[in-house]
Amino acid sequence: MASAPWDMRASPLDKPVVVAMHTRSGLVGLNVVTAALDADARTQGLDVRFAKGSDAMIDALRDVASAGRRAIALWSFYSPDFAATARDLAAVKEATGASALHVAGGVHATAEPLATLSRGWDLVAIGEGEHTTIELALAVASGRDPRALPGTAHLDPAGGRLVSHGPGERRPLDDYPPFNARHRKWNALEITRGCVYACSFCQTPYMFKARFRHRSVADVRRHVDQMRECGSRFVRFLTPTSLSYGSADTTPDLDAVDALLASVREGAGADAKIFFGTFPSEIRPEHITPRALEILARWCDNRTLVIGGQSGSDRILEATRRGHTVDDVVRAVELSVKAGFRPDVDFLLGLPGEDESDRVASMTLAERLVGMGARIHSHAFMPLPGTPLRDAEPSPIEPETALAMARLESKGKAYGQWRRQVVTAEDLVRARRGRAPAAKAD
Ligand code: SF4
């Protein structure tokens, strides 16, 4: 990217300061949108700060205000963190007044702009935030009203009506960096955005569109080289479905995966640790083949693979539009173990429409997979805003299922946050019941 065409110190752009609330679930999103500012010559080098909590945010905003400068406070969070983040915002605003423009982005704010704005944010960035963040900084710098920007939503001061200008501009992934190198904020490299699958409990296709956009091998390599130069020795990837890299549809393109990982290994070096098909990104079970496993074994260091299984009931897999069967999960575990990997299989308990027999089928499958050499990564269904199941009721998880899961946990064969997620799901249902009726957007 070309350097700034003018001296930033002499530009009006030295006036706004971007302060990112760098806590909880929005870390990667905030790294990426603040890095986008450096990818545009007009906002390159802007003063960006990171606050690791509400006290740090208060200090940062007071500092900016006392210097006579304007602050844009960026917030990003997933739905389970909404209530706690709203309390942080209230504390920050009470201490700092209206000294900053508070902007919320990310999956929750995109799905629930009215609820988000009603809790005190001034503006919501809808959808992908890189381009919108740049335009926001330019608008504040030049004194333009940021509420008029495409990609934003706000409340009409007259009647509290939601005014939305639609989602932010979607650009090729290569247009923006996957992490904030200037501030040494590293994270898993996003190689694919959007998802052609339409699992009804997942926010990804509804936030980013139901198609894949991939970062090019050359761009991934450029960033791996940059990480290596800075001494970072671990490479992880962010993708909705790891073996879909390079593919436009549901058929994996293993040549593309091979080319990506070969280049990453060359750039990262023999002593770097490369993790693919593991946290934070899983592999779909039907994508696991002997050749796929051979490619992963050749280039990667992880010997654990995270596989999306979700349910032991074909009826529930179909109802949630997972696009694979129970047999696909069994076969994936079998092949993975044979190739020397330990599969960690994601399970989702309490899906809507699930009955006791479905959960018995899930626990029977879980025990079978454990017997084959897998571990179970347990989750509980949460009715996430923006998804087709946002208004669904979680199915109750009876004591027998909880006991069966606890037995696996006590043997070290299962782990996960499902108990905490049951509580979060209850919170989401409660919040939904108290939600104001949706207002018409512009
Ligand atoms: S759960 Fe995975 S495969 Fe399904 S829609 Fe979400 S990201 Fe895509």
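The centres of domain 1 and domain 2, taken over C-alpha atoms, lie 30 Å apart. The model is predicted: local features need pLDDT of at least 70 and side-chain atom pairs count only at pLDDT 80 or more, while totals for chains, interfaces and linings use all residues. Residues are numbered from 1 along each chain as its sequence is written, and side-chain values use heavy atoms, with hydrogens and water left out.

Domain 1 covers residues 8-164 and domain 2 covers residues 175-433 of the protein chain; such bounds come from an automatic or database domain assignment. Between the two, 27 residues of domain 1 are in contact with 24 residues of domain 2, where contact means heavy atoms within 4.5 Å. The size of an interface is often given as the accessible area lost when the parts come together. Here the two domains bury about 2000 Å² between them, and 59% of it is on carbon and sulfur atoms. That buried area is the accessible area (1.4 Å probe) that two parts lose on being put together, summed over both. On the side of domain 1, N31, V107 and E128 lose the most area to domain 2, together 23% of what that side buries.

Next come the helices. Helices (H or I, at least four residues) and strands (E, at least two) are DSSP runs, numbered from the N terminus. Helix α1 takes in residues 27-38, and its 12 residues reach 17 Å from first C-alpha to last, close to the 16 Å expected at 1.5 Å a residue. The expected span is 1.5 Å times one less than the number of residues. Of the 12 residues in α1, 9 are buried. Buried means under 20% relative accessible area, exposed over 50%, and partly exposed in between (1.4 Å probe, protein chains only). Among the buried residues of α1 are N31, L37 and D38. The buried residues of this helix pack against β1 (16-21), β2 (48-51), β3 (70-76), α6 (130-142) and β9 (192-193).

Helix α12 (residues 326-338) can be checked in the same manner. Its 13 residues should span 18 Å at 1.5 Å a residue, and its end C-alpha atoms are 19 Å apart, which agrees. The buried residues of α12 include V326, D328, L335 and S336. Their cover includes α10 (290-299), β14 (304-310), α11 (314-319), β15 (342-349) and α13 (356-372).

A single residue can also be placed. H108 is in helix α4 (residues 107-111). H108 counts as buried because its relative accessibility is 5%. Leaving aside its neighbours within four places in sequence, H108 is in contact with F77, Y78, S79, F82, T116 and P385.

The backbone has some details to look for. Most residues other than glycine have a negative phi, and most peptide bonds are trans. R184 has a positive phi, near 55°, and is in the loop between β7 (162-164) and β8 (189-190). R321 also has a positive phi, about 60°, and is in the loop between α11 and α12. With 45% relative accessibility, R321 counts as partly exposed. The peptide bond from F279 to P280 is cis, with omega near 5°. P280 is found in the loop between β13 (273-274) and α10.

The residues around it are C195, Y197, C199, C202, T204, P205, P240, R284 and R322; a residue is near a molecule or strand if one of its heavy atoms lies within 4 Å of it. This shell divides into 6 nonpolar, 1 polar and 2 charged residues. Ala, Val, Leu, Ile, Met, Phe, Trp, Tyr, Cys and Pro count as nonpolar, Asp, Glu, Lys and Arg as charged, and the others, Gly among them, as polar.
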